[in-house]
Amino acid sequence: MTNEVPHPYSITIEPLTKPEGQFGWALRKYGKLTERSDRAFPSEAKAYESALKAIEREQTGFGSR
């Protein structure tokens, strides 16, 4: 994976215990948890891609009220 994550964000990809073999992600801004995935992904790459989309949503404000 390349380091495409814009400053000040960081992404942590975590293996899930249920369902086994799936992955989730946690998004941090300045070290504080801002968002966590609510679904399981079949691979680390898919989880990472989803986390990048979450950063993009947060930066653009898309979906905010």
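How far apart in helix α1 are Lys-53 and Glu-49, and what does that separation come to in helical turns? The two residues sit four apart in the helix, which means about one helical turn lies between them. The model here is a predicted one: local features need pLDDT of at least 70, side-chain atom pairs count only at pLDDT 80 or more, and totals for chains, interfaces and linings use all residues. Numbering runs from 1 along each chain as its sequence is written, and side-chain values use heavy atoms, with hydrogens and water left out.

Lys-53 and Glu-49 are also joined by a salt bridge, with 3.7 Å between the closest N and O atoms. A salt bridge here puts a side-chain nitrogen of Lys or Arg within 4 Å of a carboxyl oxygen of Asp or Glu. In general, side chains of opposite charge can pair when their charged atoms come close.

Searching the whole structure turns up three salt bridges. One of them pairs Glu-14 with Arg-36, whose closest N and O atoms are 3.8 Å apart. This pair links distant parts of the chain, since Glu-14 belongs to strand β1 (residues 9–15) and Arg-36 to strand β3, 22 residues apart. Helices (H or I, at least four residues) and strands (E, at least two) are DSSP runs, numbered from the N terminus. Glu-14 comes out as partly exposed at 28% relative accessibility, and Arg-36 is partly exposed at 45%.

Strand β3 also supplies Glu-35, which meets Arg-57 of helix α1 in a salt bridge of 3.4 Å, N to O. The pair therefore ties together parts that are 22 residues apart in sequence. Arg-57 has 37% relative accessibility and Glu-35 has 26%, so both count as partly exposed.

Moving on to Ser-37, this residue is found in the loop between β3 (32–36) and α1 (44–60). Ser-37 has a relative accessibility of 16%, so it counts as buried. The Ser-37 side chain reaches the backbone nitrogen of Trp-25 at 3.0 Å. With neighbours within four places in sequence set aside, Ser-37 is in contact (heavy atoms within 4.5 Å) with Gly-24 and Trp-25.

Terms used
Buried < 20%, exposed > 50% of the residue type's maximum accessible area, 1.4 Å probe, protein only. Polar contact = N/O pair within 3.5 Å; in protein donor to acceptor, adjacent residues only side chain to side chain.
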